[in-house]
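Here is a short briefing to read alongside the model. Take a moment with the fold first, then follow the points below topic by topic.

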Amino acid sequence: MVLQAVSWADYQSLLAIRGDERPGVRLYYLEGDLELISPSRTHEWIKTTVGRLLEAYADEAGIELTGYGSLTMRSARRERGAEPDECYVIGAARPKTAHPDLAIEVEWTPGGLDKLEIYRGLGIRELWICRPSKETAKVAIEVLALRRGQYVTVAKSRLLPRLELALFTECLESESQTRAVKILRTSLRAGR
């Protein structure tokens, strides 16, 4: 659901009523438009599996990774707010006021606000969009890197250049999250 002509103050009030630390309905704000999303079971399965895979990858590769789940990120000056499905800081932790490096969005149903424009305005360095593949029923992951103020699709993560996305999407076909993580760890340990 998208509401129009919502002031920044109204957006802030809705966040306060719901509480910043409460899961459930996610809120996205872009210059007066407010989108409310209630994630489906499939959506939550995919975002949790991608998060678990990314965390297992970082553990196996010895990469410092700090997760913040669906942290509420906002900028009053740019009139933008987002609650990604998952988000991470890669490398050393930074001040609490800094936004994460990587945001992950699962787009299982089309429509709504322009998430790229929201994240661009927030300065998120890399955005992963997980959605159904147009060719198959599988999950596809599109990696977008922020370059000169615009997102461009890239073949590999710039933040995690050794990560093989094909292996991630292969693991997403598993019947369980635990199995997906086991497949990933086994493949990484075998040198894949």
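**The hairpin and the rest of the fold**

Val143 has Val154 of β11 standing opposite it. The model you are looking at is a predicted one.

**Hairpin**

- Val143 and Val154 stand opposite each other, and the strands concerned are β10 (residues 139-147) and β11 (residues 150-154), which pair in the antiparallel sense over five bridges.
- Two residues sit between β10 and β11 in this hairpin, and Arg148 in the turn has a positive phi of about 50 degrees.

**Open sheet**

- Five strands make up an open sheet in the order β1-β3-β2-β6-β5, and the pairing is antiparallel.
- At the edges are β1 (2-3) and β5 (73-75), each of which pairs on one side only.
- β1 meets β3 (residues 33-37) in the antiparallel sense, over two bridges.
- Leu3 has Leu34 of β3 standing opposite it.

- Helix α1 (residues 8-18) lies across β2 (26-30), β3, β5 and β6 (80-82), and runs at about 170 degrees to β2.
- Helix α3 (residues 115-122) also packs on the sheet, where it touches β2, β3, β5 and β6.
- The direction of α3 makes about 110 degrees with that of β6.

**Aromatic pairs**

- The count of aromatic pairs comes to four.
- One of them is formed by Tyr11 and Tyr29, which are stacked at 4.7 Å centre to centre with 20 degrees between the planes.
- Tyr11 belongs to helix α1 and Tyr29 to strand β2, so this pair ties together parts that are 18 residues apart in sequence.

**Largest pocket**

- The largest pocket holds about 360 Å³ of space.
- It is lined by 21 residues, and the closest to its centre are Glu35, Ile37, Val106, Trp108 and Thr109.
- By type, the lining residues divide into nine nonpolar, six polar and six charged.
- Which strand gives the most to the lining of the largest pocket? That is β3, with three residues.
- β2, β3 and β8 (102-106) each supply at least two residues of this lining.

Note on methods:
Residues numbered from 1 in each chain as written. Predicted model: local features only at pLDDT ≥ 70, side-chain atom pairs only at ≥ 80, totals over all residues. Heavy atoms only, no water. Pairing = 2+ DSSP bridges. Helix = DSSP H or I, 4+ residues; strand = E, 2+ residues; numbered from the N terminus. Contact = heavy atoms within 4.5 Å. Axes fitted to C-alpha atoms, helices over the stretch in contact; angles between N-to-C directions. 1 Å grid on protein atoms, 1.4 Å probe; cavity = no way out; pocket = protein on both sides within 12 Å on 5 of 7 lines; lining within 4 Å. Points joined across faces, edges and corners; volume = space filled by probe spheres on them. Nonpolar A, V, L, I, M, F, W, Y, C, P; charged D, E, K, R; others polar. Phe/Tyr/Trp six-rings, centres within 6.5 Å; stacked < 30°, edge-to-face > 60°.
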